[in-house]
Amino acid sequence: MNALVNMAAEVPENPLVPPIPELVIGLIAFFIVFGFLAKKLLPNINKVLDERRKQIEGRIEDAEATQAEAQQVLADYRAQLADARHEAARLRQEAQEQGATLIAEMRAEGQRQREEIIAAGHAQIEADRKQAAHSLRQDVGKLATELAGKLVGESLEDVARQSRTIDRFLDEVEAQAASDATKAEAGR
């Protein structure tokens, strides 16, 4: 046996292979520590991990619920926005229709007022023309009477005769003017 011990002593020891007694003691210590950890610490670690997993799952559920609620609020908001756009378009259309109606009414009223003003103007012009014709007849009559009196050498103060003479003279002048106007229009 000595020979084996000497031989073992002569073989250089491998630093990677531990001696067997140390290996056995290390394995025993490992199992003791592992058993202690498995009995005492591992349940506490699993308990903490379970609680943490439950918290994370709860937060995920809360986040999903919040996201679903946000999606619902977004859908409601979009629906309200679409309704508001439709309402705005409807109001715009109504305003355009009312504006067109109001413009048409105002045009009709303006046309009516214009026609009234034109009619009143024509009536005023006709009245002024008649008044001017009457005044002109009187002035022309006086001048014609005076001129005739000077030509004849006697006074033509008889009002009835004077009036008939003036009317006859003016009628002839008007007839002459009308025939001249007819000839002028025919010549065009």
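## Notebook: salt bridges, rings and surface patches

Entry 1: A reminder to myself: I am working from a predicted model. Which residue does R90 meet in a salt bridge? The partner is E87, and the two side chains come together at 2.2 Å, N to O. Both residues sit in helix α2, 3 residues apart, which I note as about one turn of the helix. I then looked up E87 by itself and found it partly exposed, with 35% relative accessibility.

**Entry 2: the salt bridge count.** How many salt bridges does the structure hold? I get 6. As background for my own use, side chains of opposite charge can pair when their charged atoms come close.

**Entry 3: E116 and R112.** The side chains of these two meet in a salt bridge at 2.2 Å, N to O. E116 and R112 are 4 residues apart in helix α2, so about one helical turn separates them. Is E116 buried, exposed or partly exposed? I have E116 as partly exposed, since its relative accessible area is 45%. R112 also counts as partly exposed, at 36% relative accessibility.

**Entry 4: E126 and R129.** Here the salt bridge spans 2.6 Å, N to O. The spacing is 3 residues within helix α2, so E126 and R129 are about one helical turn apart. E126 comes out at 33% relative accessibility, which makes this residue partly exposed. R129 has a relative accessible area of 48% and is partly exposed as well. Going back to E87 and R90, I see that salt bridges with shared partners link them with E94 into one network.

**Entry 5: aromatic rings.** Next I went through the rings. A pair of aromatic rings is described by the distance of the centres and the angle of the planes. How many aromatic pairs does the structure hold? There are 2. The ring centres of F30 and F31 lie 5.6 Å apart with the planes at 65°, so I call this pair edge-to-face; the angle has to be over 60 degrees for that label. The rings of F30 and F34 have their centres 6.1 Å apart and their planes at 20°, so this pair is stacked. Together, F30, F31 and F34 make up one aromatic cluster. I also checked F31 for accessibility: its relative accessible area is 54%, so F31 is exposed.

Entry 6: With 38% relative accessibility, L41 counts as partly exposed.

**Entry 7: a negative patch.** Where does negative charge gather on the surface? I find a patch made of E57, E61, D62 and E64. I looked up the place of E64, and this residue lies in helix α2.

Key:
Residues numbered from 1 in each chain as written. Predicted model: local features only at pLDDT ≥ 70, side-chain atom pairs only at ≥ 80, totals over all residues. Heavy atoms only, no water. Buried < 20%, exposed > 50% of the residue type's maximum accessible area, 1.4 Å probe, protein only. Phe/Tyr/Trp six-rings, centres within 6.5 Å; stacked < 30°, edge-to-face > 60°. Patch = residues over 30% accessible without salt bridge, like charges linked within 9 Å, V, L, I, M, F, W, Y side chains within 5 Å. Areas by Shrake-Rupley, 256 points an atom, 1.4 Å probe, with all protein chains shown as cover. Salt bridge = Lys/Arg side-chain N within 4 Å of Asp/Glu carboxyl O. Lys, Arg positive; Asp, Glu negative; His and termini not counted. Charge placed at Lys NZ, Arg CZ, Asp CG, Glu CD. Helix = DSSP H or I, 4+ residues; strand = E, 2+ residues; numbered from the N terminus.
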